[in-house]
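Some questions and answers follow for a reader who is seeing this structure for the first time. Each answer sets a value against the rule behind the word.

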Amino acid sequence: MQLLLLHMQHDKVLILDFGSQYTQLIARRVRELNIYSEIHPFNKIPTNLDDYKAVILSGSPMSVRSQDAFHPELKGIRGIKPMLAVCYGAQYLAHFSGGEVAESNTREYGRANLSFVEDDAFFKGITAGSQVWMSHSDTIKTLPTNGKLLASTHDVKNAAYKIENETTYAIQFHPEVYHSTDGKQLLENFLVNIANVNPDWTPNAFVEETVEALQAKIGNNKVVLGLSGGVDSSVAAMLLHKAIGENLYCIFVNNGLLRKNEFTDVLEQYKGMGLNVKGVDASQRFLVALAGKSDPEEKRKAIGRVFIEVFDDEAHQIQDVTYLAQGTIYPDVIESVSATGGPSATIKSHHNVGGLPDFMKLKIVEPLKALFKDEVRRVGASMGMDKQLLGRHPFPGPGLAIRILGDITAEKVRILQEVDAVFINALRDAGLYDKVWQAGAILLPVNSVGVMGDERTYEKCVALRAVESTDGMTADWVNLPYEFLQKTSNDIINKVKGVNRVVYDISSKPPATIEWE
């Protein structure tokens, strides 16, 4: 990926994306083996395949039997590179190489168990009974030419096969998902034992090579970076700090929509890390820009516009800045392109994604552009960064603005900050914070009737949200103990003026999103 990754001399795995919801998970599972992987759309295959030691074909919502079926150009890959075809990939190889794919009589989705496993290096350490995850409506009726059956389930005879005289393997199930209990072992068998990929892509190696590459790219030039208080920008700052020291100028903007006391607390933490950082309190400016705006996209755009204006004002006070650093991570890059190479469906925009306005005229440097969120944390840990900072829950770029449904006022921000503080502190006190991937409170645009001190109240309702996830792509609501919820609800109502009702969100993603806006 650009200069920084070209510098890294590690074996790489190419993942061709056919639009599967699980493609990112494939890349993450491969990375967990300390093997670097890249995702590319199936119809935008890199021209230099010499850079890749193995290739994986992803699943897809498309049917290989459709007239619109995706057709990858596998010349230069099949029979030349070790290849693993997953789900759609397995069906594609069968359907267009002498086999037969037909619609299943019953759609197999969810958990299944292998009923037969061939003695093969591909299934080393995996036996019949191993649980796998299925997600398909077509089935492979007949294997392709030279196909050899490797595994079956009760409902799917051709659950795995290989092509004899090639280093080509195919599976109908998804080894990348958590529910395939031996999925990581299967990927290791293929990549390390069969494809001979060297698993040496470690956090320490990433830090060492990235710092060296940043020094070579930036030289003695100055870099400006907008800190958010989150993990991504903080780790990016430390990498740059290690590379260029005082030539990194950090700006931490208070948009008035951070958590309670976060601006002052995090600013002091940054200074304690040795960063050259300036705090800018622009909260009033953001609140003015948000006045009267209820639509979530309008709120995001307003916050993004004002942030750029404030950041630009501050950046211009630094003489001779050449680079703008950003905490962009890998999902930000690959989510912007679909399997067909065009823009993916917009679910929600992000205020810090979309490029730099022309008037800033700075070059971009993105040291985390190759990493997933969990990898960012591991890189930060390898640099000795504070565990509490690295363990912070993800927090939306627009802050509490998208957790206040409807228009934004200073009073609503105060209420939600107080509620959020009670909730987050309660999670910490109960030892639950680190067991939750993300938690927060949402201020609902409704008032409800209540009774407090024998008097009728008509005050705000808040929703608490806590989810478990690995990457935010999918998430399950956390079954917090009733006693915890009861105490937290009582504390919120008793301590936060303006709230008389608390509810708990038990929606998972999908179909819901983690944030409400």
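Q: How many cavities of 30 Å³ or more does a search of the whole structure find?
A: In this predicted model, the search finds three.

Q: What makes Trp516 a lining residue of the largest cavity?
A: A lining residue has an atom within 4 Å of a cavity point. Trp516 is listed in the lining of the largest cavity, as are Arg403, Ile514 and Glu515, among others; therefore Trp516 has such an atom.

Q: Which strand gives the largest share of the lining of the largest cavity?
A: β15 does, with five residues. Both β15 (438–452) and β16 (455–468) supply at least two residues of this lining.

Q: Why are α5 and α11 called roughly perpendicular?
A: The term covers angles of 65 to 115 degrees. Helix α5 (residues 203–218) and helix α11 (residues 373–382) pack at about 75°, with axes 8 Å apart, and are therefore roughly perpendicular to each other. Pro203, Asn204, Phe206 and Val207 in α5 meet Arg378, Val379 and Ser382 in α11. The residues of this contact divide into four nonpolar, two polar and one charged.

Definitions and conventions
Residues are numbered from 1 along each chain as its sequence is written. This is a predicted model: local features need pLDDT of at least 70, side-chain atom pairs count only at pLDDT 80 or more; totals for chains, interfaces and linings use all residues. Side-chain values use heavy atoms; hydrogens and water are left out. Axes are lines fitted to C-alpha atoms, for helices over the stretch in contact, and angles run from 0 to 180 degrees between N-to-C directions. Helices (H or I, at least four residues) and strands (E, at least two) are DSSP runs, numbered from the N terminus. Angles under 35 degrees count as roughly parallel, over 145 as roughly antiparallel, 65 to 115 as roughly perpendicular and the rest as oblique. Contact means heavy atoms within 4.5 Å. Ala, Val, Leu, Ile, Met, Phe, Trp, Tyr, Cys and Pro count as nonpolar, Asp, Glu, Lys and Arg as charged, and the others, Gly among them, as polar. On a 1 Å grid over the protein atoms alone, a cavity is a set of points where a 1.4 Å probe fits but cannot get out, and a pocket is an open set with protein on both sides within 12 Å along at least five of seven lines; lining residues have an atom within 4 Å of a point. Grid points are joined across faces, edges and corners, and a volume is the space filled by probe spheres set on the points.
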